[in-house]
Amino acid sequence: MSKFAIVGAGFIGRAWAISFARAGHEVALWDQDGDAPGKALAYIDSLLPELAKLDLLNGNSMAQVRQRMRGVAGLEVALADADYVQENTPEILDVKRAIFARLDQAAKPDAILASSTSALLPSRFTDHLAGRARCLVVHPLNPPYLIPAAEVVPAPWTDPAIVSRTAELLRAAGHAPIVMKRELDGFVMNRLQGALLEEAFRLVAGGHASVEDVDIGIREGLALRWSFMGPFETIDLNAPGGVRDYVERYESIYQRLHPSMRERADWGGPVLKEIEAERRKRLPATELQTRQAWRDRHLMALAAHKRRAAKEIV
Ligand SMILES: NC(=O)c1ccc[n+]([C@@H]2O[C@H](COP(=O)([O-])OP(=O)(O)OC[C@H]3O[C@@H](n4cnc5c(N)ncnc54)[C@H](O)[C@@H]3O)[C@@H](O)[C@H]2O)c1
């Protein structure tokens, strides 16, 4: 058991808190808005019964997980004896630079300082710090207590030992760290998602497929395999002789497509009107929130299934 500090207790901060507390850590939540930790804990209270029902609390009772979390009134209190700090303040460069300066000053010298930033390179907000070698990005998908992958991204000056300690600690908490060798805009997951979205927009903009048919292609097609293996494992298993055989048989198809996939799709251009109209016909704007709750229930069921399947399927 270690001491964890959550700095910024909004959407992502409160979700990390569940992940770390069910892994056995003491978690102190602090936020610039004094009401935020209390609200985060109330939200967590409302989630715990469903997580317990689906066996997503790592064998702990709700009470055990809950009593490891507390809201604190001052940043210094949260950091006092923290071994690991997860920062989740807004995605604004100046805010990250300022908060990291405070973290570096107040945290123990050997504490790890990790940022949840979605798209800021760690070198952009840690360069000015005396303790910059212990700073890095740990970028989750929302919500991290249901989605194991988290991108571990070092700045050029991050100590490799900090990177491995972070990856170890995430693995021990049931996460699946993606350990980048060097920072890169978009990290790994947004680059993959960006490539897919770009093609999705292009298919609709070119009048080749409807919005729903693109969604079916993923939801009822590619994503069934992708929910338990990645693109490289997929192609390794899709030719009798493995990945080399796949490339020899099928690379020419993708080579032929490539020139038509280079042109930038204008997401905000006329195609957006068409996409929005089709989406709003299927889901009126007034039902967006209900559907978000539906998505979260699906994610929970899928997370529970994946945990079970990992034990039962060999
Ligand atoms: N929401 C997502 O899907 C998602 C996914 C991955 C990563 N992230 C990243 O996580 C970070 C937080 O995003 P979020 O969605 O939780 O935002 P949010 O608005 O829900 O939460 C941000 C919290 O930070 C607090 N805050 C603002 N300024 C602060 C400061 N100077 N010090 C301390 N607390 C401060 C706010 O009061 C708020 O509670 C961002 O960097 C975001 O890019 C978000």
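First, a term I need: the bend at a residue is the angle between two axes, one fitted to the seven residues ending there and one to the seven starting there. I also note that this is a predicted model.

**Entry 1: domains.** I looked up the domain assignment of the protein chain. It gives domain 1 as 3-179 and domain 2 as 189-282. The centres of domain 1 and domain 2, taken over C-alpha atoms, are 33 Å apart.

**Entry 2: helix 2.** I checked its length next. Helix 2 covers residues 36-53, which is 18 residues. At 1.5 Å a residue they should span 26 Å, and the end C-alpha atoms lie 27 Å apart, so the two agree.

Where does helix 2 kink? I found a kink of about 35° at Leu-47, shortly before the proline Pro-49.

Then I asked which residues of helix 2 are buried. Pro-37, Ala-40, Ile-44 and Leu-51 are. Their cover includes helix 1, strand 2 (26-30) and strand 3 (69-71). After helix 2 comes Asp-55, with a positive phi near 60°.

**Entry 3: the ligand.** I counted its surroundings. The ligand has 23 residues around it, and the closest are Gly-8, Gly-10, Ile-12, Ser-118 and Asn-142. Helix 1 (11-22), helix 5 (93-106) and strand 6 (135-140) are the elements that give two or more residues to this shell. Helix 1 supplies the largest share, 3 residues.

Last, I sorted the shell by class. I got 11 polar, 9 nonpolar and 3 charged residues around the ligand.

Notes. Residues numbered from 1 in each chain as written. Predicted model: local features only at pLDDT ≥ 70, side-chain atom pairs only at ≥ 80, totals over all residues. Near = placed C-beta within 6 Å. Helix = DSSP H or I, 4+ residues; strand = E, 2+ residues; numbered from the N terminus. Nonpolar A, V, L, I, M, F, W, Y, C, P; charged D, E, K, R; others polar. Expected span 1.5 Å × (residues − 1). Buried ≥ 20, exposed ≤ 12 C-beta atoms within 10 Å, placed from the backbone. Contact = placed C-beta atoms within 7 Å. Domains from an automatic or database assignment.
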